[in-house]
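Please open the structure in your viewer and keep the selection tool at hand.

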Amino acid sequence: MALLKDTFRSDDVEDVSFAPIPAGNYEAQIVDSDIRVTSAGTGEYIALTWEVLTEEYAGRRIFSNLNHINPNEKAVAIAKSQLKQICKAVGLQDFQDTQELHGVPVRIAVKVRPPKDGYDAQNVINKVYPLDEESGDDPWA
């Protein structure tokens, strides 16, 4: 049993929306990362937590997983391409500790993945750019 210091009153709490932010380009930074084993146990992925810095959505979090070790070669190629974009955006040639990617503001192109297979709509990072580089690409292509 755990006794709260004060009585929790659910009627006093505002609902928080977990709806995705609109597709577009945002300033953001990586604030957390972890290496996790895939559910099948046949690989590893880098779990990244991004925090949006752009004023209207400041503080919102977007999560991305990069399958850097996986029997699916296409998944690994995509992860390596995304890691290359992140390295360029944060100004690193290489890294070993994902902590090195944290806290550097970059520009991310975000799209909204529609609901599918019982999952709600969610944000997906389509591309990562240095802050001083304008996209010019259609971020949801």
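**First stop: valine 124**

Select valine 124, which counts as buried because its relative accessibility is 15%; buried means under 20% relative accessible area, exposed over 50%, and partly exposed in between (1.4 Å probe, protein chains only). This is a predicted model, in which local features need pLDDT of at least 70, side-chain atom pairs count only at pLDDT 80 or more, and totals for chains, interfaces and linings use all residues. Residues are numbered from 1 along each chain as its sequence is written, and side-chain values use heavy atoms, with hydrogens and water left out.

Valine 124 is located in strand β5. Helices (H or I, at least four residues) and strands (E, at least two) are DSSP runs, numbered from the N terminus. A contact requires heavy atoms within 4.5 Å. Then select valine 112, whose C-alpha lies 6.1 Å from that of valine 124, although the two are 12 residues apart in sequence.

**Second stop: the aromatic pair**

How many aromatic pairs does the structure hold? There is 1. Rings of Phe, Tyr and Trp (its six-membered ring) pair if their centres lie within 6.5 Å; planes under 30 degrees apart count as stacked, over 60 as edge-to-face and the rest as tilted. Select tyrosine 26 and tyrosine 57: their ring centres are 5.8 Å apart and their planes stand at 90 degrees, so the pair is edge-to-face. Tyrosine 26 belongs to strand β1 (residues 24–37) and tyrosine 57 to the loop between β2 (44–52) and β3 (61–69), so the pair ties together parts 31 residues apart in sequence. Both tyrosine 26 and tyrosine 57 are buried.

**Third stop: the whole protein**

Clear the selection and display the entire chain. The protein has 1 helix and 5 strands, and from the N terminus on, its elements follow the order β-β-β-α-β-β. Along the principal axes, the C-alpha trace spans about 50 × 40 × 30 Å. Of the 141 residues, 32% count as buried. Among contacts between residues at least 6 apart in sequence, 48% join residues at least 24 apart.
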